[in-house]
Amino acid sequence: MTLNINSLGNNYNLLINSISTPRKAFTASNVQTGISDTFTPASELNPYLSESAIRQMILMNPQVVKILKNNGLKAEINIKELQKLAEGHLLWTKNIAAGIIGNLPSDIQKQINRQAVLQAAIFHDFGKVLIQNKIINKKSALNDKEKQIMNLHSELGYELLKTQKLSPETLELIKYHHQTPENTGYPINNTGFTYGLEAEILAVADKYSALIEKRSYKPALSKKEALEIIKQDYPQGGLVYDALVNYAGI
Ligand SMILES: [Fe+2]
């Protein structure tokens with residue numbers, strides 16, 4: 001199985017980085033997505049949704065500033081983006097991941113670290129709180145430098161959150177949520193990260209969520225259209241894909 005999270009090319013970066021969801025948007029009745037479920041608010045993020053909380057987290061781990069400095073950046077806190085993510089993409093990714101897990105065969109479900117997947121889903125793009133708005137919400141394709149900065153978000157999220165009460169498994173999923181089964185992607189994996197079922201569920205939930213969300217440059221795809229795109233990664237089908245199809249109810 002080849003999971004090609006980047007199969008949408010440059011647009012995928014835009015797809016996963018541009019959320020235009022209004023606040024208090026927790027149900028399908030008031031957001032424009034292909035999702036028809038009622039979602040549980042992402043209350044796990046509440047303690048972090050202020051500039052002072054993020055500033056405190058930066059102070060707790062000097063590695064954050066070091067990464068920014070190495071890339072010619074200052075610690076600019078984009079709290080509005082984090083708030084949008086909290087009520088949109090992160091929330092949906094968590095609920096879709098839960099849906100996928102719930103539709104896996106029961107013996108497989110027992111093997112999954114459900115807590116780590118769901119916690120990672122809700123925090124996976126947390127590092128975007130340190131990515132400037134002009135990059136996050138750029139309507140055209142990112143240039144190489146901008147891409148390099150955008151790609152810092154998984155590592156920045158990991159470093160910001162490693163001083164918080166998250167499990168090592170959750171933190172690892174956050175850091176490597178843009179890794180592929182072929183060990184490509186970012187950041188470069190030098191720590192023995194193994195791409196397991198948990199990482200696959202998170203990647204598929206992330207991608208499906210991004211596809212069915214409305215973005216500034218594209219409408220929300222229907223569930224059917226989104227599944228057709230994800231199917232390209234699963235020409236022979238697969239456990240996680242089949243569970244997503246069941247969850248989507250198509
Ligand atoms: Fe991401």
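Author: Two residues count as in contact when their C-beta atoms, placed from the backbone, lie within 7 Å. With that in hand, take helix H13, residues 223–231, in this predicted model. Its buried residues pack against H12 and against helix H14, residues 239–248. Which residues of H13 are buried? They are Lys223, Ala226, Leu227 and Ile230. These four span an arc of only 100° around the axis, which means that they sit on the same side of H13.

Now the core itself. The largest nonpolar core holds 59 residues. Those with the most contacts inside it are Ala97, Ile100, Val117, Leu202 and Leu244. Which helix gives the most to this core? Helix H12, residues 197–212, does, with ten residues.

Leu244 is worth a stop. Residues up to four places away in sequence are left out of its list of partners. Leu244 then touches Ile100, Val204, Tyr208 and Ile230. Ile230 is one of the buried residues of H13. Ile100, like Leu244, is among the residues with the most contacts inside the core.

Next, the partner of H12 on the H5 side. Two packed helices are described by the angle between their axes and the distance between the axes. The axes of helix H5, residues 89–102, and H12 come within 8 Å. They cross at roughly 125°. That angle makes H5 oblique to H12. The crossing is right-handed. H5 brings His89, Trp92, Thr93, Ile96, Ala97, Ile100 and Ile101 to the contact. H12 answers with Ile201, Leu202, Val204, Ala205, Asp206, Tyr208, Ser209 and Ala210.

Helix H3, residues 62–70, packs with helix H10, residues 153–161, at about 160°. Their axes are 8 Å apart. Angles over 145 degrees count as roughly antiparallel, and H3 and H10 are therefore roughly antiparallel to each other. H3 passes H10 in a left-handed crossing. Gln63, Val64 and Ile67 of H3 meet Glu155, Leu156, Glu159 and Leu160 of H10.

The loop between strand E2, residues 185–186, and H12 contains Pro187. The peptide bond from Tyr186 to Pro187 is cis, with omega near -15°. Asn183 lies in the loop between strand E1, residues 178–179, and E2. Asn183 has a positive phi of about 65°, although it is not a glycine. Is Asn183 buried or exposed? It is exposed, because 12 other C-beta atoms lie within 10 Å, and 12 or fewer is the cut-off.

One more loop, between helix H1, residues 10–17, and helix H2, residues 51–60, holds Ser43. Ser43 has 10 C-beta neighbours inside 10 Å, so it counts as exposed. Ser43 and Leu91 are 48 residues apart in sequence, yet 9.4 Å apart in space, C-alpha to C-alpha.

Last, the whole chain. The protein has 14 helices and two strands. Of its 250 residues, 43% are buried. Among contacts with a separation of 6 or more, 74% join residues 24 or more positions apart.

Methods
Residues numbered from 1 in each chain as written. Predicted model: local features only at pLDDT ≥ 70, side-chain atom pairs only at ≥ 80, totals over all residues. Core = buried A, V, L, I, M, F, W, Y, C linked by C-beta atoms within 7 Å. Buried ≥ 20, exposed ≤ 12 C-beta atoms within 10 Å, placed from the backbone. Arc of directions from axis to C-beta. Axes fitted to C-alpha atoms, helices over the stretch in contact; angles between N-to-C directions. Parallel < 35°, antiparallel > 145°, perpendicular 65-115°, else oblique. Left-handed = near helix turned anticlockwise from the far one by under 90°.
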